[in-house]
Amino acid sequence: MKKTNVSFILAALCLLSLFATSAFATGNYEIPKVDGTVWMDASNSEKLSYILGMETIIDLDQDAQGEKPAEHSLINGWVQKLSQYSIKEVVEKLDRFYQTYPNHRDRQVVEVLWYDFNPEYMTSK
């Protein structure tokens, strides 16, 4: 594992603790959903940490799968969609998306990244 992955993992754990604290306190162990409202209310550091955490999970899964990923893995799709952007660019593009389309703030960040994050879409908006 790359040395930088350790810092990615720590950042992801910090981010998860920010979003999941209330779930653990109530005994509800559902994964917190980060939609556009949560995203736009988050600080820039929280946004960067969220994307860094996603990148870490993708990187760890890609490393674990090796040269031949599972047939139905989403990892290749995530890598293809996000590898061309820096973490800061992803945050900026998500901010721009939710500012441009406030009626889509009920959509989760991962949904917007998966369905709407492609070069043609992002350069035309």
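Is R107 buried or exposed? R107 is buried, with a relative accessible area of 15%; buried means under 20% relative accessible area, exposed over 50% and partly exposed in between, with a 1.4 Å probe and protein chains only.

The model is predicted, so local features need pLDDT of at least 70 and side-chain atom pairs count only at pLDDT 80 or more, while totals for chains, interfaces and linings use all residues. Residues are numbered from 1 along each chain as its sequence is written, and side-chain values use heavy atoms, with hydrogens and water left out.

**Nonpolar core**

- The largest nonpolar core has 20 residues; such a core is a set of buried Ala, Val, Leu, Ile, Met, Phe, Trp, Tyr and Cys residues joined through side-chain atoms within 4.5 Å.
- Two or more residues of this core come from each of α2 (36-41), α3 (44-65), α4 (75-82), α5 (87-100) and α6 (109-116); helices are DSSP runs (H or I, at least four residues), numbered from the N terminus.
- Helix α5 gives the largest share of this core, five residues.
- The residues with the most contacts inside the core are W39, I51, V90, L94, Y98, V109 and L113.
- Leaving aside neighbours within four places in sequence, W39 is in contact (heavy atoms within 4.5 Å) with V34, K47, Y50, I51, V91, L94, D95, Y98 and V109.

- Three salt bridges are found in a search of the whole structure, each a side-chain nitrogen of Lys or Arg within 4 Å of a carboxyl oxygen of Asp or Glu.
- One of them pairs K47 with D95, whose closest N and O atoms are 2.7 Å apart.
- K47 lies in helix α3 and D95 in helix α5, so this pair ties together parts that are 48 residues apart in sequence.
- K47 counts as buried at 7% relative accessibility, and D95 counts as buried at 15%.

**Salt bridges of R107**

- R107 forms a salt bridge with D116, at 2.5 Å from N to O.
- R107 also forms a salt bridge with E111, at 3.1 Å from N to O.
- D116 counts as buried at 14% relative accessibility, whereas E111 counts as partly exposed at 31%.
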